[in-house]
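Reader: Hi! Could you walk me through a few spots in this one?
Author: Happy to, let's have a look together.

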Amino acid sequence: GPGAISSARAEPFKIVGFGDSLMAGFGLGPDEGFTDKLQAALRAKGHEVTVANAGVSGDTSSGGLARLDWSVSDGTQLVILELGANDMLRGVPPDITQKNLDEMLGKLRERKIAVLLAGMRAAPNLGADYQNAFDAIFPHLAGKYDVSLYPFFLDGVAGQPGLQLEDGMHPNAHGVDKMVERILPTVEKAIAAVPGGS
């Protein structure tokens with residue numbers, strides 16, 4: 001019968017974008033945020049996926065750690081973990097940010113959920129010591145947990161006024177397009193590395 005085809009189809013591959021305003025789509029309209037555009041781009045390439053938006057504007061790594069368990073539902077196969085920018089903007093000591101991200105990666109590993117870690121870079125005005133310590137967090141943890149790393153979530157958008165909102169910090173819709181285009185190959189590799197991902 002007509003139901004045979006749909007029942008034969010596997011469930012879509014479930015991705016959760018877990019992060020702050022950059023993930024939440026701050027200042028953008030419906031369908032303009034990162035998770036919506038990533039989902040559309042992956043589907044256009046033939047991937048059966050859903051990309052849920054678990055971004056909360058203003059979230060720090062501490063806030064993310066506190067809500068991780070209930071924000072990432074059971075059945076999630078890949079989390080794009082994008083936190084740290086607000087820690088940096090508030091001058092949180094990098095060792096605290098690292099400890100929180102480390103705990104999140106540990107919790108996701110216990111749940112056998114794959115992770116793509118989206119890195120952030122410190123603003124130069126915080127000084128070289130802070131910048132070096134902060135920027136090192138992401139490659140260090142990606143190595144420790146053997147997870148995919150996308151070194152800089154705002155790659156191609158940071159410092160480009162035409163791709164940012166007037167605040168000079170958040171991407172506009174064109175900026176999100178650029179972010180999705182740049183991260184797409186890394187996301188595709190991360191999906192392929194998960195058993196049952198395609």
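Reader: Let's start with Ser 71. Which helix is Ser 71 found in?
Author: Ser 71 belongs to helix α4, which covers residues 61-71. Keep in mind that this is a predicted model.

Reader: Which backbone oxygen lies 2.9 Å from a polar atom of the Ser 71 side chain?
Author: That's the backbone oxygen of Arg 67. As a reminder, residues three or four places apart in an α-helix point the same way, because there are 3.6 residues a turn.

Reader: Nice. Switching to α3, which residues are buried there?
Author: In helix α3 (residues 34-44), the buried ones are Phe 34, Thr 35, Lys 37, Leu 38, Gln 39, Ala 41 and Leu 42.

Reader: What do the buried residues of α3 pack against?
Author: Their partners are the strands β1 (13-19), β2 (49-55) and β3 (78-82), along with the helices α2 (21-24) and α8 (173-192). After α3 comes Gly 46, with a positive phi near 90°.

Reader: Which residues have a positive phi without being glycine?
Author: Lys 112 is one of them, with phi at about 60°, and Asp 146 is another, with phi near 55°.

Reader: Where do Lys 112 and Asp 146 sit?
Author: Lys 112 is in the loop between α6 and β4 (114-118), while Asp 146 is in the loop between α7 and β5 (148-150).

Reader: Are Lys 112 and Asp 146 buried or exposed?
Author: Lys 112 is exposed, at a relative accessible area of 76%, and Asp 146 is exposed too, at 71%.

Reader: You mentioned α6 and α7. At what angle do α6 and α7 pack?
Author: Helix α6 (residues 94-110) and helix α7 (residues 128-145) pack at about 15°, and their axes are 9 Å apart. Angles under 35 degrees count as roughly parallel, so that is what α6 and α7 are to each other.

Reader: Is the crossing of α6 and α7 left-handed or right-handed?
Author: The crossing of α6 and α7 is right-handed.

Reader: Which residues meet there, α6 against α7?
Author: From α6 they include Leu 101, Leu 105 and Arg 109, and from α7 they include Phe 134, Ile 137 and Leu 141. By class, this contact of α6 with α7 has ten nonpolar, four polar and three charged residues.

Methods: Residues numbered from 1 in each chain as written. Predicted model: local features only at pLDDT ≥ 70, side-chain atom pairs only at ≥ 80, totals over all residues. Heavy atoms only, no water. Axes fitted to C-alpha atoms, helices over the stretch in contact; angles between N-to-C directions. Helix = DSSP H or I, 4+ residues; strand = E, 2+ residues; numbered from the N terminus. Parallel < 35°, antiparallel > 145°, perpendicular 65-115°, else oblique. Left-handed = near helix turned anticlockwise from the far one by under 90°. Contact = heavy atoms within 4.5 Å. Nonpolar A, V, L, I, M, F, W, Y, C, P; charged D, E, K, R; others polar. Polar contact = N/O pair within 3.5 Å; in protein donor to acceptor, adjacent residues only side chain to side chain. Buried < 20%, exposed > 50% of the residue type's maximum accessible area, 1.4 Å probe, protein only.
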